[in-house]
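User: I have this model open and I'm new to it. Can you walk me through the sheets, the helices and the cores?

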Amino acid sequence: MSTKKTYEQAIEELSLMLLYLTRQQDRNEFCRYRELSWKGYNFDILDKMEKEELLWQPKSRRGYDKYLYLSEAGRKKAQKLLAEYGLPDQEMQEHFEFRYIRPEEAEQAAEIEQICFPPNEACTGKMMKDRVAAAPELFLVAVDRGNGKLAGFLCGLATDEYTFRDDFFSDTSLYQPEGKNVMLLGLDVLPEYRRQGLARELMYQYLRKEQERGRKMVILTCLKDKVKMYEKMGFTNRGLSDSTWGNVSWYEMTCVLNI
């Protein structure tokens, strides 16, 4: 590292990296997508980082709680610092880069959709490309760091509507960038990357990002055999949906992010 740091800068950076590396899944059943870090660092440094919006320290009537949450900016800065210091990240981050899709990756996403879903359920290549063009900031991808290819993705459209309808799959004009809610349109993971926790990581990262953006709710539809999987991710089953996509029965599920 070429720039010499002060003692205070080094302590702040090292504290942020340790908070990031030692984070763990929150056991709160209402927001399982959150990750918390336990306090064990200089309180003045933590207060400074909170002012810089790198983290958030919950506070109760008795004072600050013993844990905190890193913001999206805090997580990104920690990841950057780890790379600068040449330190390893957590295993999932070591294997995959999580970021928003790039225009040139639309074709890859369309191909993955055809692999992951049967013909009657898969969205067309045009639908996928339209989503990438209309709302890339709502199209989160996992990139295999080894080969640079997409391993999976999760995409959606923001709206002020509260109930899923099939038009969201094909009509990107329904997209409202400042919409209160997000309709999830596809969680796709290639077969060779399954059973590694990648689908859950994509979902949790997506929910954290949208929660910080102030979205109220995330809504999706799934087949009956996937209901339990999404319940484990923090979603609530609302029963049979009005969706008739692919001429099969779907269940509508919701996850509340902000009240």
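User: What is the strand order in the open sheet of four strands?

Analyst: This is a predicted model. In it, the order of that sheet is β1-β2-β6-β3, and the pairing is antiparallel.

User: Which strands are at the edges there?

Analyst: β1, residues 24–25, and β3, residues 55–56; each of them pairs on one side only.

User: How many bridges pair β1 with β2?

Analyst: Two bridges, in the antiparallel sense, with β2 covering residues 35–38. Gln-24 is opposite Leu-36 of β2, and Gln-25 has Glu-35 in β2 as its bridge partner.

User: And how do β2 and β6 pair?

Analyst: They are antiparallel as well, over two bridges. Ser-37 faces Leu-68, a residue of β6, across that pairing.

User: Which strands does α1 lie across?

Analyst: Helix α1, residues 7–21, lies across β2, β3 and β6, where β6 is residues 67–70. The helix runs at about 95° to β6.

User: At what angle do α1 and α2 pack?

Analyst: At about 80°, and their axes are 10 Å apart; α2 is residues 43–51. The two helices are therefore roughly perpendicular.

User: Which residues meet there?

Analyst: From α1, Glu-8, Ile-11, Glu-12, Ser-15, Leu-16 and Leu-19 take part, and from α2, Ile-45, Leu-46, Lys-48 and Met-49. Sorted by class, this contact of α1 with α2 has six nonpolar residues, one polar and three charged.

User: New topic. What is the order in the open sheet of seven strands?

Analyst: That sheet has the order β7-β8-β9-β10-β11-β13-β12, with mixed pairing.

User: On to the cores. Which residues touch the most other members in the largest nonpolar core?

Analyst: Phe-139, Leu-184, Leu-198, Met-203, Tyr-230 and Phe-235, out of 63 residues in that core. Strand β9, residues 150–159, supplies the largest share of this core, with seven residues.

User: What does Phe-235 touch?

Analyst: Leaving aside residues up to four places away in sequence, Phe-235 touches Leu-184, Met-203, Leu-207, Val-218, Leu-220, Tyr-230, Met-253, Thr-254 and Cys-255.

User: How many residues are in the other core?

Analyst: That core has 14 residues and lies apart from the largest one; Leu-46, Met-49, Ala-78 and Leu-81 are among its members.

Note on methods. Residues numbered from 1 in each chain as written. Predicted model: local features only at pLDDT ≥ 70, side-chain atom pairs only at ≥ 80, totals over all residues. Heavy atoms only, no water. Pairing = 2+ DSSP bridges. Contact = heavy atoms within 4.5 Å. Axes fitted to C-alpha atoms, helices over the stretch in contact; angles between N-to-C directions. Core = buried A, V, L, I, M, F, W, Y, C linked by side-chain atoms within 4.5 Å. Buried < 20%, exposed > 50% of the residue type's maximum accessible area, 1.4 Å probe, protein only. Parallel < 35°, antiparallel > 145°, perpendicular 65-115°, else oblique. Nonpolar A, V, L, I, M, F, W, Y, C, P; charged D, E, K, R; others polar.
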